[in-house]
Amino acid sequence: MVLPYGRQTIEDDDIAAVVEALKGDFLTTGPTVDAFEAAFAQAVGAAHAVACANGTAALHLAMLALRLQPGERVVAPAITFLATANCARYVGAEVVFADVDPDSGLMTPATLQDALARADGPVRAVLPVHLRGDACDLPALEALAREAGAVLVEDAPHALGTTATFGNVAETIGDVRHSAMATFSFHPVKTIATGEGGMVVTNDPALAARLKTLRSHGMVRPEGSDPWWYEMPEPGFNYRLPDILCALGLSQLGKLDRFVARRRALAAAYLQALQPLAPLVRPAVSPAWSDPALHLMTVLIDFEAAGRCRREVVDALRARGVGSQVHYIPVHRQPYYRERYGPLDLPGAEAWYARCLSLPLYPGMADADVDLVVRSLAEALGV
Ligand SMILES: *Cc1c(COP(=O)(O)O)cnc(C)c1O
């Protein structure tokens, strides 16, 4: 058995909730969709939540809802999952890659400013990613985006349950005070799981209505129309999240506090256990304002000083039953983007990528697993 870097926690009542939904009248668009959306909005403190097929569909819907046009620009960090950048291309917009802080992996006001200065067209949206679960500096990013005529869309799949304190205001990621929308994913490695699943949250009722229309073919039913009647002002997609999966999501959401508490306890144990491995191994740095519900336990390793390459360390960990993963390969280096935009020099992203490795972190881990992982890492590095 190898400890994976992340995995879902599915319990008997989650299974019972899915079975219940399967016995109901609606497998797809039923009452559990509304119930999951309402509970999710409440959990993150947003006015509206719109469930959809997955986190990538959530990003696509957000770009469509903003009516992005071909040639307009979207700023995305270089260190993220592919989908953060790809959603701009789905609507014909161009991606401007922002560098990241080499020790937190996050887009910062300075790296956003640099990206905005490089943009050679109108920037409409900036997509901060709360990498690993740590909150970006949202007030500062919002101010810079607004000055450039753009809005923030937070790509927040890592940060469900994260809180942050800016000035003396406590905020929850997903309350969308600084952004037009925030997106989430319920992929099995994320904080709550529905298999495939995603959510867009917003405080803007017009955006919420538009997201709902676009998620289901662009169909609208005007008030007072005949029962069979529908109209399509513009084509949308089938990005619905079925009732069955919303039942699972609702059940999982009820466990969010417990999952987050367990992630925080495991992360604290990691920080303690990793101390003797400094300075060869250092945990990724959390900004002072962030109280993360960590999605990833990412460490930064000085492979050169250790005299081991990352592949050797990954293989040695695996041989000891410890899975690991790299989050992420800089997106601007992908063949598609390199070909489209040419080579880019983003030293923060390179420095992050050269050192990062994510260790196992999920609620089902035992305390002893943390010790096993850290001991195995020490052995893998020969210290
Ligand atoms: C998981 C993830 C996505 C994509 O979500 P899916 O549900 O897998 O489509 C997008 N952005 C980030 C930062 C993610 O972690």
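A residue is called buried when its relative accessible area is under 20%, exposed when that area is over 50%, and partly exposed in between. The exercises below apply this and related cut-offs to a predicted model.

**Exercise 1.** Decide whether Tyr337 and Tyr336 are buried, partly exposed or exposed.

*Solution.* Begin with Tyr337, whose relative accessible area is 3%, so that Tyr337 is buried. Then take Tyr336, which has 41% relative accessibility and therefore counts as partly exposed.

**Exercise 2.** Classify the ring pair formed by Phe166 and Trp289, and describe where its two members lie in the chain.

*Solution.* By the rule that ring centres must lie within 6.5 Å, the model holds 11 aromatic pairs. In one of them, the centres of the Phe166 and Trp289 rings are 6.0 Å apart and the planes meet at 35°, so the pair is tilted. This pair links distant parts of the chain, because Phe166 belongs to strand β6 (residues 163-166) while Trp289 lies in the loop between β10 (281-283) and β11 (290-291), 123 residues apart. As for accessibility, Phe166 has a relative accessible area of 10% and is therefore buried, whereas Trp289, at 28%, counts as partly exposed.

**Exercise 3.** Classify the ring pair formed by Tyr336 and Tyr337.

*Solution.* The two ring centres are 4.9 Å apart, and the planes stand at 85°. Since planes over 60 degrees apart count as edge-to-face, the pair of Tyr336 and Tyr337 is edge-to-face.

**Exercise 4.** Which residue has its charged end over the ring of Tyr353?

*Solution.* The residue is Arg310, whose charged end sits 4.6 Å from the centre of the Tyr353 ring.

Conventions
Residues are numbered from 1 along each chain as its sequence is written. This is a predicted model: local features need pLDDT of at least 70, side-chain atom pairs count only at pLDDT 80 or more; totals for chains, interfaces and linings use all residues. Side-chain values use heavy atoms; hydrogens and water are left out. Rings of Phe, Tyr and Trp (its six-membered ring) pair if their centres lie within 6.5 Å; planes under 30 degrees apart count as stacked, over 60 as edge-to-face and the rest as tilted. Helices (H or I, at least four residues) and strands (E, at least two) are DSSP runs, numbered from the N terminus. Buried means under 20% relative accessible area, exposed over 50%, partly exposed in between (1.4 Å probe, protein chains only). A charge sits over a ring if NZ of Lys or CZ of Arg is within 6 Å of the ring centre and within 35 degrees of the ring normal.
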